[in-house]
Amino acid sequence: MIAADFNYEAPTTLDEAISLLQKYGDEAKILSGGHSLIPMMKLRFASPEHIIDINNIPGLSDISIAGDTVHIGALVREAQIEHSAQLNEHFPIFADVTKLIADPQVRNMGTIGGNLAHGDAANDHPAVMIALNATVIATGPDGVRSIPIDEFFLGFYMTALQPDEILTEIQIPMPAAGTGSAYHKLERKVGDYATAGAAVQLTLDGNGVCTYAGIGLTNVNPLPLRAERSEAALLGKTLTDEVIAEAAQFAAEDCNPSADLRGDEEYKRAMVGVLVKRMIHKAAERAVA
Amino acid sequence: MTTPQPPPKTGGGAVRDSFGDLPLLKQEGAGGWSNVAQANKPETINMKKQITVTVNGQAHTAEVEPRLLLVHLIRENLNMTGTHIGCDTSSCGACTILLDGKSVKSCTILAVQANGKSIATVEGMCAPGAPLSNLQEGFKENHGLHCGFCTPGMMMRATELLEMNPDPTEDEIRWGISGNLCRCTGYNNIVKAIQYASAKNRGVEPASTEPQFV
Ligand SMILES: Cc1cc2nc3c(=O)[nH]c(=O)nc-3n(C[C@H](O)[C@H](O)[C@H](O)COP(=O)(O)OP(=O)(O)OC[C@H]3O[C@@H](n4cnc5c(N)ncnc54)[C@H](O)[C@@H]3O)c2cc1C
Ligand code: FES
Ligand code: FES
């Protein structure tokens, strides 16, 4: 399969890339790992006239911790996250999620920025970013702006990014002491998108009371979903089996899955319940470890 | 926190369900995907680019359409047909090559993206007539191939796997080749082939080879 014709440019600075985006507007698409974009172009679901490859722009591929914030460059590859000791020490959820994204070769190309910018509730990072309460940094002609993750996903393939903006960084608050995180998705085979997935981050105080709960769900809603009632059900409580079961039940009720080859709605809701319960347990175990 | 309006439900995505619930038409206004009719495209579209890639140590310069896939550059422009095309949808791994040392699926990379980079293909594993590399020997000794279609991709993937993890467990090998499909050998002998190469690379005598025919 061959994509429709397009023009290709590979700017070496952000400014240059942004002015190309301004020039071409809607007709341009940014190319990061290309592992969502190129398949869509080969299938002719997308025929952008201009491809702006941002891989030659330096400074977008670093993971760093500054003060109480973790900075992940937009071009950081899944494989880089998978093997980052620094990241996985504070966020075991990243080792969980990257192993379940596609396969090793795809992870050598796919970027975290592209995974979010694609705006697909089937991708795995959106739910993780919701659980971690991330902020998306976008750079455009007017400079840099911060977009809270809850305001980032607007629709199917639609995000808060403007056509002339580039997602340049993801910022995540460093977890407080007593924090644990976990992700799992049910997949039919390696490389499959989730039948359902759940991302959980929890903070427990010295008495085992939950002081932070972030829960995101993958591919069971038109948009990546924050399970707000589930989070509220945990906050301020000791995580007994009853409390966890209630939170899981809320997630199963509040999601909005559609029937497809992976299962019908009832099955998917049931799986959301199971996954949320298991990930709360796992995150809580990690929080006290 | 804003509560964005959910969009109308479609099949829930595009490419991933290439065998099933693909939305037949893109959604109007969804994410700004433009599907402008080719006829309306300006003349400047598809300007050829000159690229230079180093393949197995040798530099090649070519003038290519931006839409040319890397796997086609390798197979058709450079006439190196060891790299195979199985699925053409980034699922099977037959097209796996090393791009700057990283195993990638060349059916999902544009040739222009490889400009200035170095590529390793199966042809570079050993010169004609030279002794086989440890991985090639492992596949030969362990009946790690049957029709051989998946083999170049398997070996290129295993090259990076062993580079990153010289002594992988069986589980790590199976996970490591999870992006490569084999339709006829079965994976047991492929895993053994990689174990054989891992041992030999480390100067250890490979376990005695008793291929499994299942
Ligand atoms: C076989 C296969 C299996 C997969 N399985 C999974 C899976 O299980 N889970 C999962 O989450 N993903 C999966 N993916 C998707 C993969 O992780 C993609 O790589 C990822 O979704 C997109 O990242 P990318 O860097 O490749 O983005 P690209 O394909 O380059 O871009 C995707 C979209 O985002 C835009 N974009 C990219 N970067 C930016 C930026 N910095 N700023 C603004 N816009 C930008 C592009 O213009 C494009 O519209 C799979 C892909 C394949 C091919
Ligand atoms: S041909 Fe590239 S992955 Fe199958
Ligand atoms: S040997 Fe035939 S596909 Fe693997």
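Tutor: The shell around ligand 1 divides into 14 nonpolar, 13 polar and four charged residues. Please keep in mind that the model is predicted. Of the 31 residues around the ligand, those that come nearest are A:I30, A:S32, A:T111, A:D124 and A:K185. The site is shared between chains, because residues from both chain A and chain B surround ligand 1.

A nitrogen atom of ligand 1 has a backbone N or O atom of A:L167 at 2.8 Å. A nitrogen atom of the ligand also lies 3.0 Å from a polar side-chain atom of A:Y193. An oxygen atom of ligand 1, in turn, is 3.3 Å from a polar backbone atom of A:A102. Taken alone, the ligand exposes 960 Å², and the protein buries 95% of that area. The elements that give two or more residues to this shell are β2 (28-31), α7 (112-117) and β10 (166-173), which belong to chain A.

Chain A also contains helix α11 (residues 265-288), whose 24 residues reach 35 Å from the first C-alpha to the last, close to the 34 Å expected at 1.5 Å a residue. Among the buried residues of α11(A) are A:M271, A:V272, A:L275, A:V276 and A:M279. The cover over the buried residues of α11(A) includes the strands β11 (179-186), β12 (196-204) and β13 (210-218), together with the helices α9 (228-234) and α10 (241-254), of chain A. As background, an α-helix has 3.6 residues a turn, so residues three or four places apart point the same way.

We may now turn to chain B, the other chain at the shared site. Chain B holds five helices and five strands, and along the sequence they follow the pattern β-β-α-β-β-β-α-α-α-α. Of its 214 residues, 47% count as buried. Chain B exposes about 10600 Å², of which carbon and sulfur atoms supply 52%. Among its contacts between residues at least 6 apart in sequence, 53% join residues at least 24 apart.

In α3(B), 14 residues reach 20 Å from the first C-alpha to the last, close to the 20 Å expected. Because eleven of these 14 residues are buried, α3(B) is largely enclosed by the rest of the structure. The buried residues include B:M154, B:M155 and B:M156, as well as B:R157 and B:E160. Among the buried residues of α5(B) are B:I190, B:V191, B:I194 and B:Y196. What covers the buried residues of α5(B) includes α2 (134-141), α3 (151-164) and α4 (170-176) of chain B. Just after α5(B), B:G203 takes a positive phi of about 75°.

Backbone angles bring us to two loops. Most residues other than glycine have a negative phi. B:N79, in the loop between α1 (70-77) and β3 (96-99) of chain B, has a positive phi near 60°. This residue counts as exposed, because its relative accessibility is 61%. B:D100, in the loop between β3 and β4 (102-105) of chain B, has a positive phi of about 45° although it is not a glycine. With a relative accessible area of 46%, B:D100 is partly exposed.

How values were computed. Residues numbered from 1 in each chain as written. Chains lettered and ligands numbered in written order. Predicted model: local features only at pLDDT ≥ 70, side-chain atom pairs only at ≥ 80, totals over all residues. Heavy atoms only, no water. Buried < 20%, exposed > 50% of the residue type's maximum accessible area, 1.4 Å probe, protein only. Helix = DSSP H or I, 4+ residues; strand = E, 2+ residues; numbered from the N terminus. Contact = heavy atoms within 4.5 Å. Near = heavy atom within 4 Å. Polar contact = N/O pair within 3.5 Å; in protein donor to acceptor, adjacent residues only side chain to side chain. Areas by Shrake-Rupley, 256 points an atom, 1.4 Å probe, with all protein chains shown as cover. Nonpolar A, V, L, I, M, F, W, Y, C, P; charged D, E, K, R; others polar. Expected span 1.5 Å × (residues − 1).
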